[in-house]
Amino acid sequence: MTANVEQVLAGLDKQNSAALGKLIGRGNVAQAEEGPDGTMRATIRINLDEIAWDPAVLVLPHGGKVEIDVVNDDLNTHCAVLPSNGDSQFIWLTCNSKGKAVLELDGPGYYWYGSATGNDEGRGLTGVIMVLGDVPAEARLDRPTQPRP
Amino acid sequence: MTDYVDAGTAMDLSGLSQVPGSAPQVANSVNYERILNAGSEPQNWLTYYGGYNGHRYSQLDQINTENVKNLTPAWVFQFGSSGLHAGASTYAFETTPIVVDGVMYVTGWDGWVWAMDAVTGQLHWQYKHAIPFDTSLCCGNVNRGCAVGHGKVFVVTLNAHVLALDAETGKVVWDKTWGDVRAGESGTVAPLLVKNLVIVGSSGGEFGNRGHLDAFNAETGEHVWRCYTVPKPGEPESDTWPADSDAWQRGGGNTWVTGTFDPETNLLYWGTGNPAPDFDGEVREGDNRWTDSVIAVDVDTGRIHWGYQCTPHDLWDYDSNMECILFEEDGRKLLGHFDKNGYFFVLDRVNGALVRVTPFAERIDWGEITADGNVIPKIYPDKEGENVHFWPGPAGAKEWTHASYSPRTELFYVPVQDVGSTVARVRRQFKESIPYWGASVTVDSDDMNGFLKAIDAHTGEEKWRWHNPTPLCSSTLVTGGDVVFTGTPTGEFHAFDARNGVHLWQFQTGSGHHSSPISYSVDGRQYIAAPVGWGGWVEGFAPGMLGGPHGDALFVFALPE
């Protein structure tokens, strides 16, 4: 018996549908805005009963400092443990709460973040921050441009 | 519009711990002179090998062959792994702790650095560098240690940054990007602090980069010099690469293990890694210098003074990154180097001349190196898709983990791996960030052995051996109490009589050893510290232990008070 692929695909985006939780990395993608001082700004939120971050993937145009508004629109208490050079950043998110996190991240590359509360573990609330760009010119190898996949 | 509850601003996660965030100011007085004379303060372990000479020898003798059987854990540090990180299945605790006047500085997987009390194990501070999940890692999520001096802790990150942290607070003083993660470069080496320079070496040879050694100003982070191990066309030794070819551009020769230093020659002695692609030599005809070599580099200028290639035109992945141990013989300045290819090289460290070469491996059939250094390949991947089997396999007869040398016994204590491998050449196109082996590889998982061998420094002759059912891939430590320490993949930490190999003591730590134990003392009490945590390139050096228990503990042993 073959599963209906379209049905499965639709269910990957929802809590307790195809699988138990929303599949990691599926959902909206949004890019941080860059202010005149070079600081990037963005918002991530937890929507009601989704047990997931929106956007699922936050894109930073380059490495550096990013200020993130962290919003909990859910009727459950959550938290966020976010990557940052020096120490991970922790924020506790009671129902309908809003706070801020300031992160310092290298680029390029992508990072996972998540929650450290027991009811969130294993269910979702694992998000991605993707940093675009290249390393500084002085850090690159002295060789001609190479082929990439 | 929602009337939100104010959740405030995110805080440092370590704020939810009992870590105070400051350490005693012991590192301010650590400078070049103190590291140069590290032997005069055996209570400390001031630099990666304990001294610039690479001996991994501690003069401390409170723990000796008579009482070592009474060793017990004094304290244990654990940290664990939380959340997702790169190489989660391959992370390992490969570090060498540094100890300065009662403070221990330890690096871990995934960007962790800790300062702790060397008597109690209580943390003073911790630092976490955020590492991208998609960083290309050759051989696991690992770091081999830090350098301490000028009030700072110097460490590299997996995504190829060099950091200087304030040794008192763990806060960043400077941060320099020194490798290209898009080219598959990474950072795992323990920096070496010489004069006012922080010396670091590149990782990523399996991704076809171009190996290099770099120096940074310890105070400012200014980049002082870069030394490429693979020459561009027209540079010295470029005739060992095919003409009119781009092979040199991705030729490998990385420098991911810390070198040694002789202040009288002013030379760094640094091993270089495999050429790329590892096993497909047809695309890089020639000797491919300075891959698989010992290079002597002027510490002030970064210029290669001499080189000696242990495996010309490597077809077996026989890096020569392993340590170069400095010793003297009849007034002659020498270095000893145990190579992956199974041979023990003794070189004149003034001019790079071969003094003698002798086998130390258990089984060698890839080829032969004659007494005058002539290399005769015998079994190697040649025809496309055709399997060949050879000993030692690509992890070598000795991994990066280090031998030690006792000036009391004049013996080297060498962790030996006896594992073969089946390899078939598979031609592939080079693409940045894609592994560039040029082969299909399966390392033996059942027919394997390990040995601790004591080798005479002056003849290369084996004086004694201890057999282990699994390959030995932990560094050894030898002490003034004539005790040799090493660990096994199955978790036992062992002590032996350095003079005759008699087994004296063991302790099961719960996870395999792939790191470098050290010794130090505080207030007259001698300690032995052993980082424990199995992982890394296990499929290369001990695939029969790929399912072994992981871990992340630092065990510190002492005699009962």
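This is a predicted model: local features need pLDDT of at least 70, side-chain atom pairs count only at pLDDT 80 or more; totals for chains, interfaces and linings use all residues.
In what order do the four strands of the open sheet in chain B lie?

**Figure 1. The open sheet of chain B.** The four strands are arranged in the order S9-S10-S11-S12 (chain B), and their pairing is antiparallel. S9 and S12 of chain B are the edge strands, each pairing on one side only. From one strand to the next, the twist averages 15°. Strands of a sheet may pair in a parallel or an antiparallel sense, through backbone hydrogen bonds.

**Figure 2. Strand S10 of chain B and its two covered faces.** S10(B) comprises residues 152-156, and five of its five residues are buried. In a regular strand, side chains alternate between the two faces of the sheet.

Figure 3. Strand S9(B), residues 147-149, is joined to S10(B) by three bridges, and the two strands run antiparallel. Gly149(B) has Lys152(B) of S10(B) as its bridge partner.

**Figure 4. The hairpin of S10 and S11 in chain B.** Five bridges connect S10(B) with strand S11(B), residues 161-166, in an antiparallel arrangement. Val156(B) stands opposite Val162(B) of S11(B). This hairpin has four residues between its strands, and Ala160(B) in the turn has a positive phi of about 65°.

Figure 5. S11(B) and S12(B) are paired in the antiparallel sense over five bridges. Val162(B), which stands opposite Val156(B), has Lys176(B) in S12(B) as its bridge partner.

**Figure 6. The contact between chain B and chain A.** Chain B contributes 44 residues to the contact and chain A contributes 43 residues. Strands of chain B that each supply at least two residues to the side touching chain A are S1 (5-9), S2 (11-12), S8 (123-128), S12 (172-177) and S16 (223-228). The largest share of that side, five residues, comes from S1(B). By class, the side of chain B that touches chain A has 19 nonpolar, 15 polar and 10 charged residues.

**Figure 7. Strand pairing across the two chains.** Strand S9 of chain A, residues 97-105, pairs with S1(B) in the parallel sense over four bridges. The bridge partner of Lys98(A) in S1(B) is Asp6(B).

**Figure 8. The setting of these views within chain B.** Chain B has two helices and 38 strands. Its C-alpha trace spans about 75 × 65 × 45 Å along the principal axes. The radius of gyration of chain B is 22 Å, which agrees with the value near 24 Å that a compact globule of 561 residues would have. Of the 561 residues of chain B, 60% count as buried. Among contacts in chain B with a separation of 6 or more, 62% involve residues 24 or more positions apart.

Technical notes. Residues are numbered from 1 along each chain as its sequence is written. Chains are lettered from A and ligands numbered from 1 in the order in which they are written. The radius of gyration is taken over C-alpha atoms; the globule rule is 2.2 Å times the number of residues to the power 0.38. A residue is buried if 20 or more other C-beta atoms lie within 10 Å of its own, exposed if 12 or fewer, and partly exposed in between; C-beta atoms are placed from the backbone. Two residues are in contact if their C-beta atoms, placed from the backbone, lie within 7 Å. Two strands pair if DSSP finds at least two bridges between them. Ala, Val, Leu, Ile, Met, Phe, Trp, Tyr, Cys and Pro count as nonpolar, Asp, Glu, Lys and Arg as charged, and the others, Gly among them, as polar. Axes are lines fitted to C-alpha atoms, for helices over the stretch in contact, and angles run from 0 to 180 degrees between N-to-C directions.
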